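Subject: Handing over the structure

Hi,

Here is the structure I promised to pass on to you. Please open it alongside this email, and then read on for what turned up in it.

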Amino acid sequence: MKSCPHRPSSGESMVELRGPWLPSAGFLLLLPFLLLLLLPAVPAHHRASYKPVIVVHGLFDSSYSFRHLLEYINETHPGTVVTVLDLFDGRESLRPLWEQVQGFREAVAPIMAKAPQGVHLICYSQGGLVCRALLSVMDEHNVDSFISLSSPQMGQYGDTDYLKWLFPTSMRSNLYRICYSPWGQEFSICNYWHDPHHDDLYLNASSFLALINGERDHPNATAWRKNFLRVGRLVLIGGPDDGVITPWQSSFFGFYDANETVLEMEEQLVYLRDSFGLKTLLARGAIVRCPMAGIAHTAWHSNRTLYETCIEPWLS
């Protein structure tokens, strides 16, 4: 027997019973956007952002060599503007270093001008010397972290494949005869060749390293030191298994004495005299040393562990 639906009499009010009210699907789609409108705006200076990064390559390198480094930075610091400068690639990297400094200066100046909050420099091998010269000659640079990646900051004194290719008839013991001549100084390698057994010749003939080290008097020495000290932080990276930088401690401003015993940075005259600002930087806690074993010279910019340990922490 079917029950018939109740029909209200004329005296009853028409009341419709419903369940709990549920929002429509369209309203649910709009809800996140409505909530965003109710939230206070975040000031621009509170938004996460990273300083631009400029990368300078080394001898016989090109920008392609830094594809892994670029990948690491993009992964850990998304949105970072990274510029790998494509200048003096390959054999052009043998050009005199002052010529390279001028070219790189023209390239980095507009990047710095667009970054009032500052920039970071990552400079590999020979490029580390180019960058140190840039910090010396640029009056208004705004470099926060200068990361020197396996760079012969106190010079090079070792037989490498590069030298054997460039000067096949010379050994390190007699290469000074070429490098400390006007002709030799036309090659970038000779600009930082540092023979500990011929220090007087080095000081008189070196047209680059002896000058940026403040080891030889010149009229710009005071201004260059002042400019260099504008840097926020100096990060030095290198290691005993590099296989190219000789001695490897040159990456940390150590170098041979006349007996080929390595003297550390704090024992070097350029430090003791504070000739270009090393001692001042260390005193203010602005030098970071990050030695790492087990990395060959050509792997510094592609080693993920090295990046996470020694580079990434300083890319603010």
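Below I go from the chain as a whole to a few helices and then to some single residues.

Please keep in mind that this is a predicted model.

**The chain as a whole**

The chain has 316 residues, and 48% of them are buried. Its secondary structure amounts to 13 helices and eight strands. Among the contacts with a separation of 6 or more, 68% are between residues 24 or more positions apart. The accessible surface is about 16,500 Å², and carbon and sulfur atoms hold 57% of that area.

**Helices α4 and α10**

On the α4 side, the contact is made by R132, L135, S136 and V137, while α10 brings in A223, W224, N227 and F228. Sorted by class, this contact between α4 and α10 holds five nonpolar, two polar and one charged residues.

Now turn to α10 itself. Its buried residues are W224, N227 and F228. They span an arc of only 95° around the axis, so they sit on the same side of α10. The face turned away from that buried side carries T222 and K226, which are exposed. What lies over the buried residues of α10? The cover includes α3 (97-113), α4, α9 (209-212), β5 (233-238) and α12 (278-283).

**Helix α13**

Helix α13 (residues 304-311) is worth a look as well. Its buried residues are L306, Y307, C310 and I311. Looking down the axis of α13, you will find the buried residues within an arc of 105°, so they line one face of the helix. These residues pack against α2 (67-76), β3 (119-124), β4, β5 and β8 (287-291).

**The loop between β5 and β6**

The peptide bond joining T246 and P247 is cis, with omega about -10°. F253 lies in that loop too. Although F253 is not a glycine, its phi is positive, at about 65°. Is F253 buried or exposed? With a relative accessibility of 0%, F253 counts as buried. For background, most residues other than glycine have a negative phi, and most peptide bonds are trans.

**The loop between α11 and α12**

D274 belongs to the loop between α11 (269-272) and α12. Here again a residue other than glycine has a positive phi, with the value for D274 near 50°. D274 has a relative accessible area of 12% and is buried.

S275 is in the loop between α11 and α12 as well. Which residues does S275 contact, leaving aside neighbours within four places in sequence? They are N213, G214, R225 and V270. S275 and I212 are 63 residues apart along the chain, yet their C-alpha atoms are separated by 9.2 Å.

S150 is placed in the loop between β4 and α5 (161-166). Its relative accessibility is 0%, so S150 counts as buried. Not counting residues up to four places away in sequence, S150 touches S125, I237, D242, I245, S251, H297 and W300.

E140, by contrast, is exposed, with a relative accessible area of 64%. You will find E140 in the loop between α4 and β4 (143-149). E140 and R230 are 90 residues apart in sequence, while their C-alpha atoms are 8.4 Å apart in space.

I hope this helps you find your way around. Happy browsing!

Best wishes

Conventions:
Residues are numbered from 1 along each chain as its sequence is written. This is a predicted model: local features need pLDDT of at least 70, side-chain atom pairs count only at pLDDT 80 or more; totals for chains, interfaces and linings use all residues. Side-chain values use heavy atoms; hydrogens and water are left out. Helices (H or I, at least four residues) and strands (E, at least two) are DSSP runs, numbered from the N terminus. Buried means under 20% relative accessible area, exposed over 50%, partly exposed in between (1.4 Å probe, protein chains only). Contact means heavy atoms within 4.5 Å. Accessible areas come from the Shrake-Rupley method with a 1.4 Å probe; for residues, only the protein chains shown count as cover. Ala, Val, Leu, Ile, Met, Phe, Trp, Tyr, Cys and Pro count as nonpolar, Asp, Glu, Lys and Arg as charged, and the others, Gly among them, as polar. The arc is that of the directions from the helix axis to the C-beta atoms.
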